[in-house]
Amino acid sequence: GYTVDEAIGKHAAETIVPSYLRDDINKVFSSLLAQEGGTRSTNENITKNGDTIVCDWYNTPISDADGNVIGVASLVQDITERKLVEQQLLDAKDEAEKANNAKSEFLASMSHELRTPLNAVLGYAQMLKLPTRETPFDAREEYVDNILDAGNHLHELIEDVLDLAAAEANQLQLFIESVDLNEVVKDCAMMMRPLGERKRIKLVDHLSDGPSVQLRADKKRMKQSLINLLSNAIKFNKEQGTVVIEGREIEEGLFRISVLDTGMGIPEEDHANVFNMFHRLEADPMVAQEGAGIGLSVTKLLVERMSGRIGFDSELGIGTTFWLELPLASNGDAFIEGGSTEIS
């Protein structure tokens, strides 16, 4: 960035060399002037306007006819863009390796998650085949209940995997309509209360009895997303904890639905990975380890396909609030990817 007139008479160490490198650069020039051969180096330099660039330096002593060193010649090449591309390639390779490891962990996890309910189904079914006189009626009824519970859990796992595959392949079809949010929240709360009661967790619904709210969404997928958040809020809660559902209209024609829990919270080092595919919280005796670790990934994909947003706030030891934002039915600007529309 310097003109010839600005550069002549000034040492590189005084103009384009960062202060932390000046001592090292001066040693390089001293060795060159002592006729110790040429050098090559790659280091940061500062332009006239203060930008930092990366340069390759090729230095060689200049000698007169008698062999006396009278200066140093330097060829400098700006390789900032090349280094950026190299770093991007390294980052992409690192991400690919992480994704590959995550998928391997996922397959190992899924084999366990699928096998557990399947074993329960097969085991209790085999017990039902025992002669009636060896199995009391009450026990047989309990076996059927266990088979149904395990079967439903197995069905949920398979549905998550299929939804994930469809969403990733951009083949997830949505039926967009005007959805009564109050009704959906009421249904989801009613469905999840028994799970909360079994874990002695109170579910409080502050939304469904409030003012009527109409959203522009796929009703089935919206319900699936909310149930996923409520299920996690219960699973990751403390005993005798609380889960609260709240909602409010925000800017941009969106409505925010919040699910608050009083659980252990999410460690800060896990925040960046919460929505990553196949990610689960680190093993901890105080933290639930149910599921295959793809529920939130599926939920994020579904919400974003409906032109919405999802996020969370968490404080360790206090609890977590997950929220999702979806377009109001009156919001005609929202573009729904892969969805047929019927707004009434």
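Reader: Which residue in β3 is the bridge partner of Asp 56?
Author: The bridge partner of Asp 56 in β3 is Gln 77. Please bear in mind that this is a predicted model.

Reader: How many bridges join β2 to β3?
Author: Strand β2, residues 52–63, is joined to β3 by nine bridges, and the two strands run antiparallel.

Reader: And what is the order of the strands in the sheet?
Author: The order is β1-β2-β3, in an open sheet of three strands with antiparallel pairing. The edge strands, each pairing on one side only, are β1 (39–46) and β3 (69–78). From one strand to the next, the twist averages 35°.

Reader: Which helix packs on the sheet?
Author: Helix α3, residues 22–33, packs there and touches β1, β2 and β3. The direction of α3 makes about 135° with that of β3.

Reader: Turning to α7 and α8, at what angle do they pack?
Author: Helix α7 (residues 219–235) and helix α8 (residues 295–305) pack at about 145°, and their axes are 10 Å apart.

Reader: Is the crossing left-handed or right-handed?
Author: The crossing of α7 past α8 is left-handed.

Reader: Which residues meet there?
Author: From α7, the residues are Arg 221, Gln 224, Ser 225, Asn 228, Leu 229 and Asn 232. They meet Gly 295, Leu 296, Val 298, Thr 299, Leu 302 and Val 303 in α8.

Reader: How many residues of that contact are nonpolar, polar or charged?
Author: In the contact of α7 with α8, five residues are nonpolar, six are polar and one is charged.

Terms used
Residues are numbered from 1 along each chain as its sequence is written. This is a predicted model: local features need pLDDT of at least 70, side-chain atom pairs count only at pLDDT 80 or more; totals for chains, interfaces and linings use all residues. Side-chain values use heavy atoms; hydrogens and water are left out. Axes are lines fitted to C-alpha atoms, for helices over the stretch in contact, and angles run from 0 to 180 degrees between N-to-C directions. Helices (H or I, at least four residues) and strands (E, at least two) are DSSP runs, numbered from the N terminus. A crossing is left-handed if the near helix is turned anticlockwise from the far one by less than a right angle, and right-handed if clockwise. Contact means heavy atoms within 4.5 Å. Ala, Val, Leu, Ile, Met, Phe, Trp, Tyr, Cys and Pro count as nonpolar, Asp, Glu, Lys and Arg as charged, and the others, Gly among them, as polar. Two strands pair if DSSP finds at least two bridges between them.
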